Structures are given as structure tokens and as C-alpha cells.
Amino acid sequence: MAESTASAVPVLVLKEGSGRSRGGAAQRSNIMAAKIVAETVKSALGPKGMDKMLVDSMGDVTITSDGRTILDEMDVQHPAAKIMVEVAKTQDEEVGDGTTTAVIVAGELLGKAEDLISKNVHPTIIVEGYNKAAEKALKTLENIAIPINPTDKEFLKKVAEVAMASKLVSESREELAEIAVEAILHVARKLGDKYSVDLDDIMVEKKRGESVTDTKLIEGLVLGKEVVHSGMPKRVEKAKIALLESALEVKKTEFDAKINIDSPEQIESFLREEENMLKEMVKKIVATGANVIVCQKGIDDMVQHFLARKGILAVRRAKKSDMEKLGKATGGKVVTNLEEITESDLGYAELVEERKIGDDKMTFIEGCKNPRSVAILIRGGTERFIDEAERSVHDALCVVRDVVQEPKIVAGGGSPEMEIARALKDYAQSLPGREQLAVQSFSEAIEIVPLTLGENAGLDPIDILSELIARHEKGEKWAGVDVFEGKIRDMKELKVYEPLAVKKQIIKSATEAATMLLRIDDVIASAKMKAPPMPPGGPGEMPGGYGGMPPY
Ligand SMILES: Nc1ncnc2c1ncn2[C@@H]1O[C@H](COP(=O)(O)OP(=O)(O)OP(=O)(O)O)[C@@H](O)[C@H]1O
Ligand SMILES: [Mg+2]
């Protein structure tokens with residue numbers, strides 16, 4: 001009796017309010033969420049893909065076709081959907097392009113896995129099969145890749161143009177590609193027989209006005225700041241630049257202090273003391289021989305006045321990241337403590353000049369000590385257009401960097417994916433039992449790339465796929481979807497080139513996410529992860545909040 005009473009008492013392991021789903025239910029829910037995410041970005045793929053308009057909880061609007069940006073702005077809640085967002089993030093961080101493709105492929109891998117699970121293939125077998133297939137896919141890509149000269153501008157420009165072909169700025173892709181290639185080759189360093197590129201060496205600034213074709217490459221740096229005082233020079237040649245991290249102001253106390261003053265003389269001496277301190281600061285800087293100051297913090301009005309009298313050009317409130325770039329470019333040291341500044345801390349540039357760009361003034365620093373430093377000044381008519389232009393230029397810079405660092409390319413339009421599918425179908429034949437099914441599924445999943453490109457161009461998916469299969473069977477390895485003409489063409493002839501690195505990373509990121517989700521058979525969501533109730537009339541969810549687990 002005692003035993004049966006004991007068993008009637010529920011054993012609470014998880015806190016009240018926790019959510020849990022297991023086995024098939026957990027898997028189905030994860031796969032479903034991942035597929036929905038993939039479905040959302042599908043229509044953005046390729047030059048004929050559509051853009052998305054995203055509105056955040058503050059009402060800010062972003063217009064983009066960039067996979068990572070779409071997912072970032074979507075603020076998804078489901079844990080599996082979050083893993084899909086991670087796919088885009090990894091892809092972006094590793095190679096900078098192919099984020100939409102990676103997410104679509106991951107979704108399709110999961111969709112095909114779902115079919116296998118319903119045919120009683122165990123997820124572990126699918127995971128093993130997928131990993132083998134991914135390895136084979138990477139080898140296939142290496143085999144078909146075309147080696148190029150890493151400084152061959154023609155190839156590099158084409159790669160940049162293709163990366164921007166699917167973006168809002170595609171009309172101006174030739175001009176922007178030229179700039180991206182010049183910028184990357186400018187900062188590329190030769191190490192042995194390889195090149196290495198640090199994108200941080202390229203400063204990207206944007207300013208509204210004119211059109212995107214007026215985007216310029218500047219040999220040097222540009223700060224979105226004006227000279228602080230009208231009495232200062234607007235142009236300094238042979239600039240000796242002091243880079244200051246601390247403010248040129250009398251420090252305010254952190255707490256409120258009350259000073260009792262009982263005579264006008266005391267006020268006088270108080271103010272004089274302050275003035276002396278500020279004068280002392282100016283003296284320190286003048287003593288180094290500096291004729292330009294870039295300050296990360298504020299500059300007191302009185303200091304501005306003194307500096308102007310000494311003929312020193314000063315800029316304030318520069319971004320921290322820009323200070324680092326300035327240090328690197330001009331060979332100067334960012335000084336934290338003004339007491340310690342010496343001549344050897346100063347940077348050098350041939351010219352520092354304030355110029356009027358659109359309605360605003362910007363400060364250009366050209367002919368820097370380190371000739372590698374370059375900046376790209378993006379122009380465009382509206383704020384949102386410039387933002388998307390900046391993302392597109394980022395993609396272009398990334399793909400050119402990818403190719404300069406690993407000088408191998410493939411053609412696009414879904415042609416490498418078709419070669420992978422073909423190789424995997426052959427490979428599947430050599431495998432025993434159920435793993436064969438998984439490799440077969442991988443090969444079908446990767447065909448989603450040409451299929452989606454075609455679909456977005458308004459073509460019939462079945463016609464496209466059958467023609468592609470037939471032509472690849474005949475050995476036309478670069479046969480892909482020409483989305484502009486609406487037919488199958490040789491993508492190499494059309495010069496639709498993409499970095500091998502991007503294609504390889506797509507396989508890696510998509511497989512990683514799909515297999516990670518397939519291994520999960522238990523989802524336990526702690527009670528505190530539930531979204532807190534919002535006050536009436538408040539936004540749908542807490543900004544940045546985790547949100548609750550959806551009901552399974
Ligand atoms: N002229 C073209 N004809 C056919 N396909 C093209 C052409 N230009 C680009 N593509 C294809 O478009 C696809 C890339 O599309 P898109 O840039 O929209 O997505 P992504 O690179 O995967 O993601 P994102 O750029 O958002 O990070 C590639 O498969 C590429 O081969
Ligand atoms: Mg792209």
C-alpha cells in the first residue's frame with residue numbers, strides 16, 4: 001500500500017511552468033521551425049530574388065535582401081529557428097556571402113531528413129550519412145574549382161559584381177566592384193606565396209547625398225566629423241597628428257560638490273584656475289609640435305579657442321574604432337594620459353583637410369605614413385539605400401578577400417550544386433543500407449539552390465531540374481540557371497563567378513546546423529524563459545527577450 005501511495009506522488013524534477021517535449025515531437029517541432037525560417041528567406045535568393053522590408057519594434061524600417069540581416073531583424077523566438085539564424089551568422093563571419101543559400105540548404109536538409117525519419121531511418125544514421133555527404137561535396141567543389149591569379153583584377157571584379165547582382169545596388173555594381181577590388185588589393189599583404197587581407201584596414205563611411213555611383217575610394221582615412229572651431233585652419237599639410245583618448249576638458253567630479261564662495265575674488269580665482277588647467281593642456285600638445293588633434297572625447301570651448309590661436313586643426317568625438325584605424329594608418333599612438341604625450345606619439349599624414357560632402361563636413365586624412373590604409377565613402381540618395389549599399393559593399397569586399405586569400409573560383413547559377421548532386425548520387429551507390437538513403441537525400445537537398453534561383457525568376461522547377469540533370473550528365477559542369485534569359489546556360493561563359501570559399505562554407509554551415517538539430521530528441525525549456533507578460537498596449541514582445549517556448 002505504502003508503495004502505491006508513494007508512486008502516486010508526482011516527482012517534480014523541473015520547476016513548475018517548464019516546458020518539455022521529447023522524441024518525435026521535439027524533432028518535428030524543430031524541423032518545422034527551421035523549415036519556416038528557410039522558407040522566409042527563399043524568395044530573396046539570386047538576382048531575381050525579392051527584397052524584404054523589416055520593421056522593428058521601434059518602427060525603424062530596413063530594406064534588404066541580405067540573408068543575415070533579414071534573420072537578425074526578424075528576432076525569432078523558437079530555439080531551432082535561432083540555430084538557423086546562427087547559420088547565417090557563421091556564414092557571414094567566415095566568408096561574408098552565401099548566407100541566404102546556407103539557410104535554404106539547411107532547411108532543405110532537414111526537410112529531407114523528416115521524410116527519412118517517417119520511413120523509420122534513425123536520426124543517427126541520417127547524421128552519419130549527411131556528414132559523409134558533406135565531405136564528398138567539399139571534395140567535389142575542390143575538384144571542379146578553377147584556380148586563378150589572386151591579383152587578376154578582371155576575375156576579382158566579376159566575383160564582386162556577382163555578389164552585388166542580387167542586391168538593391170546591382171545597377172551600380174560595376175563601379176562598386178572596381179572600388180572593392182582596388183581597396184582589397186591595396187590592403188592585401190603578401191605572406192610567402194599567399195596573400196592575407198584584414199578587412200579592418202578598410203574604413204567604410206557613408207554620407208547621404210549624390211548617388212551611389214559617386215561612392216569613392218580614398219587613399220587614407222575619412223572621419224564623419226568637422227573641424228571644431230571656425231577659427232582653425234581647414235587644411236593642414238604635412239600634418240603631425242596627436243591622437244587623444246581623453247577629453248580636453250576640466251574633469252567633472254563624479255559626485256555633486258558644493259563650494260561655498262563668499263567673495264567675488266574667490267570666483268575669479270576659481271575660474272582662473274580652471275583656465276590655467278586648460279591652458280596647460282594646450283601647452284602640452286603644442287610642445288610636441290602637433291598641428292592636428294583628433295580627440296575621442298569632447299574639447300572645451302576655451303581649449304578650442306586656444307588651439308585655433310595656435311593654428312591647430314582639431315576634431316572631436318571620433319569613434320573609438322576610428323581612433324585605432326588612425327593609429328595604424330598614421331603611425332601614431334592613441335594617448336590616454338595627456339601628461340605623457342611626446343613628439344614620438346604623433347602620427348603623420350601628407351594632408352588633413354575638411355571638405356564639404358553633401359550638407360555636411362567631413363575630415364579627410366590623406367597620404368598617411370602607412371600607405372595601405374584606404375577608406376570607402378559610400379553615397380546615395382536615401383538613408384535606407386545607403387545602409388543596403390553598405391551591406392552590399394561589405395559582401396563585395398568579403399568575396400574579393402575570400403578569392404585573394406584562397407585564389408579559386410567556381411561558376412554560380414546553381415551549377416556547382418548540380419555537380420555536387422551528381423557526385424553524391426554516384427557516391428550513394430557505393431554505400432551500404434540506410435546511409436545510402438541519407439546521402440541520396442543530401443544530393444536532392446542541394447538541388448534546392450538551382451531550383452530556387454529558377455523559381456524566383458519565374459521558371460518551372462521541374463523543367464529546370466530535368467534539363468540541368470541531363471546537361472550535367474553530358475559533362476557540362478557549369479550548366480546553371482541564367483535567371484535573366486530564363487534558360488539553362490554555361491555560367492562560366494556568362495562569367496558568373498563566385499569564391500570557392502563561399503560554396504565550401506555553405507556546405508559546412510548548413511550540414512552543421514542540420515545535424516545539430518537532428519541529434520536533439522529532448523527540448524527542455526526552463527520556466528523563466530517564458531516571455532514576461534507585457535503591459536496592455538505594449539509591443540508584442542520584449543526587445544531582445546528570449547520569448548516563450550511555443551506549445552508543442
Ligand atoms: N547572373 C546570375 N545568373 C544566375 N545566378 C546568379 C547570377 N548572379 C548570382 N547568381 C546566383 O545567386 C546566388 C546568390 O544569391 P544571393 O546573393 O541573393 O544569396 P546569398 O549569396 O546566398 O546570400 P547573401 O548575399 O544574402 O549573403 C548564387 O547561387 C549565385 O550563383
Ligand atoms: Mg550573395
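Author: Phe 155 is partly exposed, at a relative accessible area of 25%, whereas Tyr 497 is buried, at 6%; buried means under 20% relative accessible area, exposed over 50% and partly exposed in between, with a 1.4 Å probe and protein chains only. The model is predicted, so local features need pLDDT of at least 70 and side-chain atom pairs count only at pLDDT 80 or more, while totals for chains, interfaces and linings use all residues. Residues are numbered from 1 along each chain as its sequence is written, chains are lettered from A and ligands numbered from 1 in the order written, and side-chain values use heavy atoms, without hydrogens and water.

Rings of Phe, Tyr and Trp (its six-membered ring) pair if their centres lie within 6.5 Å; planes under 30 degrees apart are stacked, over 60 edge-to-face and the rest tilted. The count by this rule is two aromatic pairs. Tyr 130 and Phe 442 form an edge-to-face pair, 5.6 Å centre to centre with 85° between the planes. Tyr 130 belongs to helix α6 (residues 123–144) and Phe 442 to helix α14 (residues 433–446), so this pair ties together parts 312 residues apart in sequence. Helices (H or I, at least four residues) and strands (E, at least two) are DSSP runs, numbered from the N terminus. Tyr 130 is buried at 0% relative accessibility, and Phe 442 is buried at 1%.

The ring centres of Phe 155 and Tyr 497 are 5.2 Å apart and their planes stand at 50°, so the pair is tilted. Phe 155 lies in helix α7 (residues 153–165) and Tyr 497 in strand β20 (residues 497–499), so the pair links parts 342 residues apart in sequence.
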